Amino acid sequence: MQFGSLQLNSNLFLSPLAGYTNLPFRLTLREVGGLDLCTTDLVNARSLLEKNPKALKLIETCPADRPLAVQLFGSVPEEMRDAAAYLESIGISSVDINMGCPVRKVCKVGGGSAMMTEMDKTAALVKGMVDAVKIPVTAKMRLGWDDDNLTAPDLARVLEDAGVSAIFVHGRTREQGFGGRVNLAGIRAVVKAVKHIPVIGNGDVTTPQAAKMMFNDTGCAGVSIGRGAFYNPWIFRHAAHYVTTGELLPEPSFDERLRVMCRHLDLMIEVFGEEHGCRMFRKIGPWYSKRFGPANDFNKRIVRLTNKAEFYELLDNYRQWRAQFVDENGNLHARYQPPPMVASFMQEPGVAQRQSIPVPKGPVEVW
Ligand SMILES: Cc1cc2nc3c(=O)[nH]c(=O)nc-3n(C[C@H](O)[C@H](O)[C@H](O)COP(=O)(O)O)c2cc1C
């Protein structure tokens, strides 16, 4: 897998998730394995040029966090160009452009020739960035505004001509939000539309089988995973293994889940400080506990976490509480029923059969 001159060791990617794809999360996933290029949360190009502290925190990285793409958004060509050049100058491997739904205004006024005008503008902005840097410039888009305006294949073609090195496509329309199912045929149309560059399929991949289905049904060169990564940090390692060997690796043990969760908290504290890191961990701990089996005791306490000592105390208490549901071999009693979301991860083989994956709170409607 190659993006321009950037050689990648995996064709599985971490999708940008604003509020989540920070340095500690990326490092945790990288350590679990199966992943190479990760993307940051989206970053406003102007804020970056103004060295806004929040924007700089979003691009915080370290040598173990390579290769890294920063996702930029903005509509002023000079700002996007200068932000890309700045990112290159500080050693970022690749720049991704958030296209959200590229034709919003156009679709509102009915499409037609105006659509090509908008695409021309987009292409010029992209070309300005491509010409300014040597690192790859990629674009992330949805399929279009709605089912009657599936503009992604046209846009992908135009962007390839403008010089992007790869296209990430989330197989839903803007109108769909996060509802319904991801449209694999829509992604396939984008794959077919481009000449040479890799198209990375994205949407609803939470199991190794779903990753394989995304490859098989769309012909995409890579698969990008967002929500599936925070519900299952092992998804990349397991999907990489399954796609290459056809063999499913066993689910991680309870102790392994705890080990990775503790490492994630340590990294949060390292990067954000103890107080803020623990506060942020209040929304992270419950992702891990979805796979612990009975977790009421843990969930009640993790959402009030304030410091590291308290975390280890609550973990000790939780282990004791959980022991009442576990047999002498450490297996959960057969009478334990996993919550419906976990059951659906375990049983549903492919992306096309998947019920909706929960979307965290936040302004996610444009992604
Ligand atoms: C909480 C949240 C934040 C997101 N933030 C971004 C973002 O910053 N940039 C972007 O291009 N997409 C963003 N997305 C969309 C994801 O990158 C991805 O396209 C989408 O979630 C579908 O993939 P998934 O089913 O693997 O999660 C976000 C999605 C969620 C749920």
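On one side of helix H12, Asp-255, Glu-256 and Arg-259 are exposed (12 or fewer other C-beta atoms within 10 Å of the residue's own, these atoms being placed from the backbone; buried residues have 20 or more, and partly exposed ones fall in between). The model is predicted, so that local features require pLDDT of at least 70 and side-chain atom pairs count only at pLDDT 80 or more, whereas totals for chains, interfaces and linings use all residues. Residues are numbered from 1 along each chain as its sequence is written. Helices (DSSP runs of H or I, at least four residues) and strands (runs of E, at least two) are numbered from the N terminus.

Met-261, His-264, Leu-265, Met-268 and Ile-269 of H12 are buried. Viewed down the axis of H12, its buried residues fall within an arc of 135° and therefore line one face of the helix; the arc is that of the directions from the helix axis to the C-beta atoms. The buried residues of H12 pack against helices H1 (23-32), H13 (274-281), H14 (285-289) and H16 (308-322), a contact being two C-beta atoms, placed from the backbone, within 7 Å. Gly-273, which follows H12, has a positive phi near 85°.

Most residues other than glycine have a negative phi, and most peptide bonds are trans. Lys-51, in the loop between helix H2 (45-49) and H3, has a positive phi near 55°; Lys-51 counts as exposed because it has 9 C-beta neighbours inside 10 Å. Asp-204 likewise has a positive phi, about 70°, but counts as buried because 29 C-beta neighbours lie inside 10 Å. The peptide bond from Arg-66 to Pro-67 is cis, with omega near -10°.
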